[in-house]
Amino acid sequence: MSERTALQELGKGVWAENPLLVMVLGMCPSLAVTTTLANGLGMGAAVIFVLTCSNVVISMLRRVIPSAVRIPAFIVVIASFVTMVDLVMEGFLPDLHRSLGVFIPLIVVNCIILARAEAFASKNSVWKSALDGIGMGVGFTLAITVLGGIRELLGNGTLLGMPVLGRGFQAHAALVMILPPGGFLTLGLLMAAMQARKGR
Amino acid sequence: MDVQGILVAGGTLGAVGAVAASVLAAASRAFRVDEDPRIGQVTEALPGANCGGCGYPGCSGYAAAVVAGKAAPDLCAPGGAGAVRRIGAILGIAIEEKVRMVAVVRCGGGHQACPTRFHYAGVRNCKAVTLLTEGGSKGCPDACEGLGDCVEACLFDAIHMGPDGLPIVDRERCTACGQCVKACPKGVMVLEPCTARVTVACHTRLAAREVRKVCSAGCISCRQCVKVCPYEALAMKGNLPVFDHSRCVSCGLCIDACKPGTMAARVTPDPAVREQALARQAERKAEEAARKAAASPAPAGDAS
Amino acid sequence: MDAVAYLQLVFWAMFVNNFVLAQFLGICPFLGVSRKVDSALGMAAAVIFVMVLASVITFLLYGAVLVPLSLQYLQTILFILVIAALVQFVEMAIRKFSPSLFQALGIYLPLITTNCAVLGASLLAIKKEFDFMEALVFSLGSALGFGMVLVLFAAIRERLALLRDTPRAFRGMPIALLTAGILSLAFLGFSGIVKV
Amino acid sequence: MPKELRYVVVLTLIAGGSAGLLALVHDATREPIAASRKARTLQALQAVLPEFDNVPTDERVVVGAADPSAPTDSEANRLPVVFMARKGGQVTGGAVQVIHPRGYGGPVKVLVGLEGDPAGTVRVRGYRFLEHKETPGLGTKALEPPFARQFEGFEVPREPLKVKKDGGTVDAITGATITSRVVAESISEAARLFREHGGRGTPGAGTPGTAPAGQADPGQQDPVPGGGHE
């Protein structure tokens with residue numbers, strides 16, 4: 001494989017290797033917290049931070065960590081960043097922290113992060129790992145923002161809490177969209193749309 | 001800054017980490033399974049398609065079996081001769097190269113030649129139609145259903161549906177993993193040596209009389225192919241001709257002799273081979289004539 | 001708590017509050033290892049085993065180490081460290097003592113480290129302030145629920161794979177997700193049956 | 001065994017280092033977290049309490065705690081809590097956090113705002129769900145006007161409140177009787193606790209600095225965005 005430029009390294013996560021829509025990683029948070037657009041954005045920001053930082057640190061430590069204890073070591077690094085996000089968010093963004101709930105600690109096991117640590121950061125330079133982290137994080141954020149937007153719009157008639165579809169719609173909104181089944185259905189349809197575009 | 005707090009936190013988690021690592025280190029020692037390092041090497045040498053064609057659960061399973069001496073080193077079809085050579089090098093054994101196999105379609109009954117008995121509107125899948133309708137939708141119970149179970153089963157994108165509803169194998173891509181053979185409910189797909197360029201594209205169990213009713217491309221047991229072959233590579237077995245691949249040179253004479261067109265050329269025969277075969281045929285005829293002439297005083301007329 | 005209450009807790013964790021379909025925990029293995037019933041069974045067994053073990057160990061560590069030192073904020077990092085080490089340990093142990101079990105579960109064990117259902121069960125047991133027995137029963141119920149849905153879904157997907165007229169755009173993951181959505185709708189019917 | 005030793009050293013250092021770093025962050029965020037938790041409780045209280053000039057989170061009684069004035073976080077989270085509102089030292093009302101065990105989707109934590117004197121008449125000033133798993137669109141109607149209006153300024157009787165289906169006086173929401181029952185019974189219970197414990201809270205009895213009661217559990221999933229606040 002030829003060397004990718006910095007821009008390509010950054011861009012691959014957004015579309016061609018989009019972690020959620022193409023590689024199907026990190027499903028749990030993306031389905032669970034995307035009941036609103038704001039949640040999607042908040043979760044995305046948290047993931048970008050954790051993914052970038054852990055990619056950088058793991059890339060720096062990649063020559064030090066023996067491969068037998070690799071997984072525990074990686075996961076500890078990831079968990080520390082997640083806990084930091086958790087604490088900082090609870091202190092300064094309490095409302096968001098409340099609605100993201102138990103899924104902040106669960107970023108630890110978001111497969112995207114460990115997968116990138118394992119597949120990319122443990123083999124590449126610090127600079128490239130940082131770019132990879134940002135790109136993947138942005139791709140993930142875009143995907144869950146769209147997901148959250150659709151679900152909030154159809155399930156509640158609002159976007160970012162502001163009524164968009166009018167009172168009449170809000171009274172009879174498709175509640176199922178913000179219930180668990182709506183998450184599966186929306187993501188399924190979104191992926192189908194993506195496949196249809198690619199197939200052409 | 002609360003230095004003590006930091007020390008307590010660091011100490012606690014450090015201690016847990018130390019315990020965890022010690023336990024793992026001890027375990028890796030105590031529970032060490034003396035795994036042959038060659039298993040890893042063999043796994044590396046395999047293509048990693050995990051197709052299961054060898055009959056073992058995945059490539060690493062096969063590698064373990066090969067190293068343990070429980071499996072032959074040439075079972076990996078996708079890896080081909082290259083993998084066999086690499087495995088041989090790792091295990092330090094000489095392995096004779098095996099002829100590469102390839103999947104072939106043993107049916108010529110497409111939509112035109114072998115029409116369906118009824119319109120099937122169920123699940124679009126050969127297995128389903130065969131199970132549901134007892135023998136499938138085609139006139140011939142052994143005909144290809146053409147719904148593409150083999151296409152789906154192929155891990156290497158080597159099989160595609162042709163225009164007549166018969167699958168076409170890309171011989172370059174085919175690795176003879178055997179997935180299509182397993183997938184086909186009609187037994188249409190078989191593996192043959194890639195040197196065999198001519199195939200009996202029919203495997204019907206029907207007798208000639210019934211074949212004529214349902215399929216225009218099926219074998220009618222006329223024996224013309226057997227008669228015409230100058231190398232005695234064909235013999236009738238039941239109602240179908242069978243190749244002896246060690247004798248066949250793929251001259252293609254049988255293809256010309258076959259009236260329904262059951263004999264199918266998978267690769268166009270080499271003209272030079274064809275010339276040779278024609279010469280051989282003429283030679284044989286002459287011999288035959290000479291023998292007959294010797295046997296009976298009145299020489300019979302030439303068969304041509 | 002009496003026996004009935006424990007049964008209710010199991011029912012609640014398995015059906016009403018199913019990890020996969022209601023809580024969105026463990027979706028990755030749910031979608032990843034549900035192509036065949038055989039592998040789904042293997043994964044389910046591995047998860048049940050690790051989840052119960054991990055819940056018990058983390059529960060005890062939380063009570064015995066973190067609370068006395070008031071280091072509760074370290075729970076995520078501690079739990080995941082324990083789970084990762086545990087998974088690796090179990091893998092080595094099984095490999096040594098039961099090669100046949102290793103053959104069956106081996107390839108699924110490393111996947112469990114990133115199975116958020118395991119960490120989720122540990123964290124939820126603490127959050128809900130269960131006592132030891134409740135935590136044990138809860139993790140067992142959750143794991144059983146996860147395994148059940150996994151096998152159920154794999155059986156559906158095996159049949160789904162036979163369909164060839166799925167529109168091209170929906171093949172693979174999209175149709176699987178829509179199926180999961182319908183399954184999740186069905187499980188919504190359990191809500192309100194048992195309260196815990 | 002240098003190889004194994006290296007495992008231990010590396011993992012210990014990474015784990016210890018991370019935890020040390022986290023302790024720093026924890027230290028730095030402790031104040032803001034406590035402040036924001038307190039602010040959230042106060043905000044919730046403000047919405048349901050009559051005018052007050054004290055700090056209700058500092059004047060609370062955790063009913064049933066080992067030490068009601070200094071409960072543990074866990075006790076404050078799972079036991080009923082009475083917050084007192086005063087103006088000029090005079091009791092104007094109180095808010096009571098009750099946990100109703102039998103909501104449709106599990107326990108419901110309700111905050112009921114009451115106006116009046118523990119010894120005299122007690123009126124409802126408002127209520128909201130702090131934590132719940134009721135069905136959005138059905139159970140959550142219990143927080144909206146048609147149903148909620150019947151409790152505006154409602155004088156809570158001493159005998160238990162019941163929905164009409166149970167032979168009481170409260171109109172239930174069609175299709176959400178269980179949630180309606182939760183509200184009615186919670187209001188009743190809240191008034192009872194207020195009457196019983198309202199006299200006990202003295203100004204400044206709370207222990208400032210501890211996490212205030214009524215903090216919403218951060219892990220609870222709120223099926224409707226902001227559903228608990230309307």
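Chain A exposes about 7400 Å², of which carbon and sulfur atoms supply 69%, as computed by the Shrake-Rupley method with a 1.4 Å probe. The model is a predicted one, in which local features need pLDDT of at least 70 and side-chain atom pairs count only at pLDDT 80 or more, whereas totals for chains, interfaces and linings use all residues. Residues are numbered from 1 along each chain as its sequence is written, chains are lettered from A in the order in which they are written, and side-chain values use heavy atoms, with hydrogens and water left out.

Of the 200 residues of chain A, 60% count as buried, that is, under 20% relative accessible area with a 1.4 Å probe and protein chains only. Chain A has nine helices and two strands, taken as DSSP runs (H or I of at least four residues for helices, E of at least two for strands) and numbered from the N terminus, and along the sequence their order is α-α-α-α-α-α-α-β-β-α-α.

The interface between chain C and chain A buries about 3200 Å², 85% of it on carbon and sulfur atoms, buried area being the accessible area (1.4 Å probe) that two parts lose on being put together, summed over both. On the side of chain C that touches chain A, the elements giving two or more residues are helix 2 (27–32), helix 4 (75–97), helix 7 (116–127) and helix 9 (173–188) of chain C, and helix 9 of chain C gives the most, with nine residues. The contact, defined by heavy atoms within 4.5 Å, takes 36 residues from chain C and 35 residues from chain A.

Key
Buried means under 20% relative accessible area, exposed over 50%, partly exposed in between (1.4 Å probe, protein chains only).
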